[in-house]
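Subject: Structure handover

Hello,

Here is the structure I promised you. Please open it first, then read my notes below.

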Amino acid sequence: MNPQPQPLPASLGERFTWAEAAGSAVPPSRLRRPDVERVHRATYRRGEARVHSDWRAAHISRVQDVAASLPDYAIVAGVSAAILWGLPIPGPAPDQPLPVEVASLAPARAMRVMGIRSRQVRPRLVRITELGGVRLTDPATTWGELARRYDTAWAVALGDATVHRKRIPGGQTLARPPLADPDELREVAYTQRRPGALLLQRALPWIATTSASPPESHLRLCLKAWRLPDPELDFDVYDEEGRLLGCSEFAYPEIRLALEYEGRHHLTDPAQWNRDIEKYRDYAEAGWEVLRVTAEHLYGAPHTLRANVEATLSRLATAASHARAAARGLS
């Protein structure tokens, strides 16, 4: 069996040394997992760049094969259910396919089958649904099962993904319905005698429907932890003529500042790159400033990122105050 690894501490940057990992209580065995790349001797980096959709498609195919022969008392659960629902999880090494995770409903015992990771669960702790002909835990239950394997920040990120309302910019029309709503997560977290309930309950107040990726969730948590002003989330930016310029994950409209998290696809996808250039040009012409944040900033240099955000907020707030004072003097 090959259980999912614990996420690397956020204190480690995108690139780090063996000594830094040891100082963050990361065991040597963790550095041999598929989401870590060894780049030179005792130097490593996060290996998310190698993770793509192929392994998900392969796992879904295996899940469908297994699900077709499961007994009535067994359902797809855990990581396998998360993959079917499209929730964010770390990817495996190419030569280490994930075992299919299955839950056996008590009193039935856990299955002992090669290639299947099985455990017994109490029926009252799971809600069962069907997706593409596969019986599995529903999204809220899947969150409750997986979130307790991680820390609070990842529990929040998984919760965000579960309740994310993917909105078409310029209105309230959804591109797709959310997998669950916050009340369903609350019901899961407060189910009596649920393993990991305290962690789930700690995560609940921080879960939002507006974050489209774990880094966006983690950046939002950082802004809270740094006690910075609350930004508007998933904010549409317009010019003075009412033309929609774009949508930003974090915005301070009173001072015209947007924070944009940029994953690797912003660099590797030419269409995305060109859209970003046009968007930021339009923002600048409308008087908006954009602070672009990468994984290196968020995970590798959070103290520097905090200082940059604080300085930018202060500078733009002062400029806005002077502009208002000047406008009052002219009136």
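In which loop does Arg-193 lie? Arg-193 sits in the loop between helix 6 (182-189) and helix 7 (197-203). Helices (H or I, at least four residues) and strands (E, at least two) are DSSP runs, numbered from the N terminus.

Some ground rules. This is a predicted model, where local features need pLDDT of at least 70, side-chain atom pairs count only at pLDDT 80 or more, and totals for chains, interfaces and linings use all residues. Residues are numbered from 1 along each chain as its sequence is written, and side-chain values use heavy atoms, with hydrogens and water left out.

Backbone points

Back to Arg-193. Its phi is near 60°, a positive value in a residue other than glycine. Arg-193 counts as exposed, at 64% relative accessibility. The cut-offs: buried is under 20% relative accessible area, exposed is over 50%, and partly exposed is in between (1.4 Å probe, protein chains only).

Arg-256 has a positive phi too, about 55°, and is not a glycine. Arg-256 is partly exposed, with 35% relative accessibility. Look for Arg-256 in the loop between strand 10 (244-252) and strand 11 (257-261). These two strands form a hairpin with four residues between them.

Next, a cis peptide bond. It runs from Ala-106 to Pro-107, with omega near 15°. Pro-107 is in the loop between strand 5 (100-105) and strand 6 (116-121).

Four strands make an open sheet in the order 9-10-11-12, with mixed pairing. Strand 9 (232-238) and strand 12 are the edge strands, as each pairs on one side only. Two strands pair if DSSP finds at least two bridges between them.

- Strands 9 and 10 run antiparallel, joined by six bridges. Leu-233 has Phe-250 in strand 10 as its bridge partner.
- Strands 10 and 11 pair in the antiparallel sense over three bridges. Tyr-252 has Leu-257 in strand 11 as its bridge partner.
- Strands 11 and 12 (residues 289-293) run parallel, with five bridges. Ala-258 has Val-290 in strand 12 as its bridge partner.

Strand 11

Why is strand 11 described as largely enclosed by the rest of the structure? Because five of its five residues are buried. Leu-257, Leu-259 and Tyr-261 point one way from strand 11. Ala-258 and Glu-260 point the other way.

Happy to go through any of this with you.

Best wishes
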